Amino acid sequence: MDARAVDTLVEWREWGDAAFAEARERDAPILCNLRAHWCRECREMDRTAYASPTVAANLNDGFVPVRVDVDRRPRVRERYNMGGFPSTVFLTPTGDLITGATYLGADGLRQVLERVRTAWNENGEESGRVPRELRDADPPAGELSPAIEVHMEREIEAAFDEEFGGWGTGPKFPLAPAIEFALKRDRKRALRTLEAIRTHLHDTYAGGFFRYAVERDWSDRQTEKTLDTNAGLCRTFAAAARYDDEYADPAVRTAEFLTTTLASGDGFAASQSGDEAYYGLPPSDREAADPPPIDGTVLAGANGLAIDALLETHAVTGHEGSRRGAERALDHLLDSLVEDGRVIHYRTSDATGPRGLLADQARVLGALTSAVQVLGDDWLAPAERIAAYTIAERREGDSFLDGPPEGAGLLSRPLRPLGTNVAIADALYELGVLTGEDHYHEIACETLAAFAGAADRMGVEVAGYATTAARVLSGTEIAVAAPAGSDFHHAALDIPAHEAVVIPDADGEADTARITIDGESTVVSSPSALHECVAGE
């Protein structure tokens, strides 16, 4: 249980079979409080609603209250998230959803408790329902074709906010996959969005990026700093630096934030809490104030994203701190959080997280395929072990399940999440290029095709799907007949083609490179010829 739980008056239970068994025995509904360490409104709800003696007495007597850290239990988050955090979710003892909301004050929560209790007394289990995404779990399959990329190009243009940058007219999130897709196809809009993010979400004093802005003009920023957000932006600024050196500095500064402020042992911490008052102070006052607390949990998947970002930063800028941080974290993951190809979500002195979640498998595999490209093939064997486990244990039909069909509540109903299926397809595609094994490429294609029937309805939020589809259909591969770390290898890593896969120490005449674009190959014998060939793409 998290430390803040003791500040409330609620008798919280941990998520698990015991809590659901108690609910069945007592014939009582469950209140599930989904929260995050970094979430300001979660702390506010603890301070108000859950500290109210009347609310707490009602909850303790008539419900089974369960508290969930959504970073540590991502499968619970994916099934019960009400659209933000905190999520206040009411469940039957079998885990079906009764109703839910996000933040509630003491009066609002008291009213909802009364309504749920009445509904439960009148209808019992029949008051629950299974969310639609779990009832209709099979994605619509279709043909994997260049039309997917064309559709996303149109979405990037149509949804772009010409006045303020970014996409959409509501809250502005730094959509790193959309920016990376646009860097190759609509660079003006991509760079304008990066400028808006750097202007409005970057903490110029302590480093790092805030999670998002509430308003269309990037104002009312939410000041939590999560590892996945900062890893995504570190990688995206580094990718942009391939085209314009101006973006190298934000990438390096974010890499330094990851390797200092978010350093947690040999890995990276999950998040730093938001605190509007602290971040509103002038630098001189912030120096004397205590910074917001950090959740030092080393989450495997988020660390995979950070490692990938640091390797991209080193590849483009040569920043040695990024390389060292990536190597330390990779060693830590493989030593502490990977067992025979199965990734452990987290491990602390008193708890071990779930094993073999698709998101963790995909992101750690992606970090390893990046390491092979940047550092050399010492990282290839663990990548193949993780791929083998994931294919054997998580693949069902032509796509992948988010985890095993077991666990409390609706965890027994696996999901086929688009985002993590894209991540594993992308990592398998890269592994196939690096190893020359066709079956990885075939699985990547089949995985993407399993969702292609919905491609014409996809928006910019899932632009990564179009990026990976384009890569597997007609990607750029650069096989360098020179060792990792050589000048020729560095030149290949730094070319203006951030979606390319680089194979170091490949077969061929020494100090040459074979460039394959859309199935057509060209051999070059100098870094300048390499750049010229790719620039002519």
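**A tour of charged side chains**

Begin by selecting Asp377, Asp378, Asp505 and Asp507, which gather in a patch of negative charge on the surface. Such a patch is made of residues with over 30% relative accessible area and no salt bridge, like charges being joined within 9 Å. The model is predicted: local features need pLDDT of at least 70 and side-chain atom pairs pLDDT 80 or more, while totals for chains, interfaces and linings use all residues. Residues are numbered from 1 along each chain as its sequence is written, and side-chain values use heavy atoms, with hydrogens and water left out.

Stay on aspartate 377, in the loop between helix 16 (358-375) and helix 17 (380-394). Its relative accessibility of 52% makes this residue exposed (buried means under 20%, exposed over 50%, partly exposed in between, with a 1.4 Å probe and protein chains only).

Next, select arginine 40 and glutamate 276, a salt bridge whose closest N and O atoms are 3.2 Å apart (a side-chain nitrogen of Lys or Arg within 4 Å of a carboxyl oxygen of Asp or Glu). Arginine 40 belongs to helix 2 (residues 40-47) and glutamate 276 to helix 12 (residues 276-279), so the pair ties together parts 236 residues apart in sequence.

Move to aspartate 203 and arginine 286, whose side chains meet in a salt bridge at 2.9 Å, N to O. Aspartate 203 is buried, at 3% relative accessible area, and arginine 286 is buried at 6%.

Finally, select Glu149, Lys184, Arg185 and Glu499, which are linked in a network of salt bridges.

Key: Patches are made of residues with over 30% relative accessible area and no salt bridge: like charges are joined within 9 Å, nonpolar side chains (Val, Leu, Ile, Met, Phe, Trp, Tyr) within 5 Å. Accessible areas come from the Shrake-Rupley method with a 1.4 Å probe; for residues, only the protein chains shown count as cover. Lys and Arg count as positive and Asp and Glu as negative; His and the chain ends are not counted. The place of a charge is taken as NZ of Lys, CZ of Arg, CG of Asp or CD of Glu. Helices (H or I, at least four residues) and strands (E, at least two) are DSSP runs, numbered from the N terminus.
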